[in-house]
Amino acid sequence: AVPTAVRGPIPTDGSYGFSRLFFDFRRYTRVSPSGRVNLRLFAGGWIGGDPLPLQQRLSIGGPDPLTGYGFRHSACNRDIIDPAFAGTQLAACDRVILAQAEYRGHLGLHWSYGSSTPEDEGAKSLFTLQGPDLVVLADAGQAWLVGGGPGRLPADRLPTLGSWLADLGLGVDWGGLGLYVAKAVTAGERLRFTLRLDHRF
């Protein structure tokens with residue numbers, strides 16, 4: 001069973017209902033011929049109605065979006081001790097907020113195979129490989145429960161900045177295929193490596 005410290009009782013008379021809202025603001029700015037600064041602010045979760053079912057609850061941590069932390073590092077599940085959930089890393093938070101920033105600087109490498117000869121200037125290379133982006137990244141955010149009592153915040157409050165998780169990292173992104181290393185700065189976490197098949201955002 002899910003303890004009331006995490007979720008209140010769910011009505012069984014057919015009146016059960018809840019509302020969620022999310023927004024995802026992103027800005028991409030070129031600051032030099034080879035450099036870009038990308039920013040993202042994401043927030044959302046429960047905004048009204050009955051308590052969220054477990055399938056709709058939230059967490060943060062892991063390769064996306066907080067690369068420097070383990071999977072679901074902040075998941076609001078410490079009060080769930082039912083053996084049925086043992087080892088499941090259940091997400092149990094009502095809301096999340098996240099800020100991400102990165103600088104991408106393109107490395108000027110260029111390699112071609114089968115390039116045109118002076119006698120055939122109109123021919124195209126059979127294969128061209130462009131240089132990667134060097135990525136410097138920073139992330140910060142938190143997930144929490146809404147309500148009164150220990151470990152919860154009123155619906156009109158946000159977590160204090162001092163409680164946010166944060167990480168810093170570096171990466172090399174080659175057309176979406178990226179290798180990243182990040183370190184948490186607000187907890188004693190180890191260096192974490194992540195291989196991605198698409199841009200972070």
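## Overall makeup

The model is predicted: local features need pLDDT of at least 70, side-chain atom pairs count only at pLDDT 80 or more, and totals for chains, interfaces and linings use all residues. Residues are numbered from 1 along each chain as its sequence is written, and side-chain values use heavy atoms, with hydrogens and water left out.

The protein chain has zero helices (H or I DSSP runs of at least four residues) and ten strands (E runs of at least two). Take contacts (heavy atoms within 4.5 Å) between residues at least 6 apart in sequence: 63% join residues at least 24 apart.

## Asp 167

Asp 167 belongs to strand E8, residues 165-174.

A polar atom of the Asp 167 side chain lies 3.0 Å from the backbone nitrogen of Thr 67. Beyond neighbours within four places in sequence, the contacts of Asp 167 include Leu 66, Tyr 69, Leu 137 and Lys 183.

## Pro 33

Pro 33 sits in the loop between strand E1 (18-32) and strand E2 (35-49). Pro 33 counts as exposed (over 50%) because its relative accessibility is 81%. Gly 105 is 72 residues from Pro 33 along the chain, and their C-alpha atoms are separated by 9.1 Å.

Key
Buried < 20%, exposed > 50% of the residue type's maximum accessible area, 1.4 Å probe, protein only. Polar contact = N/O pair within 3.5 Å; in protein donor to acceptor, adjacent residues only side chain to side chain.
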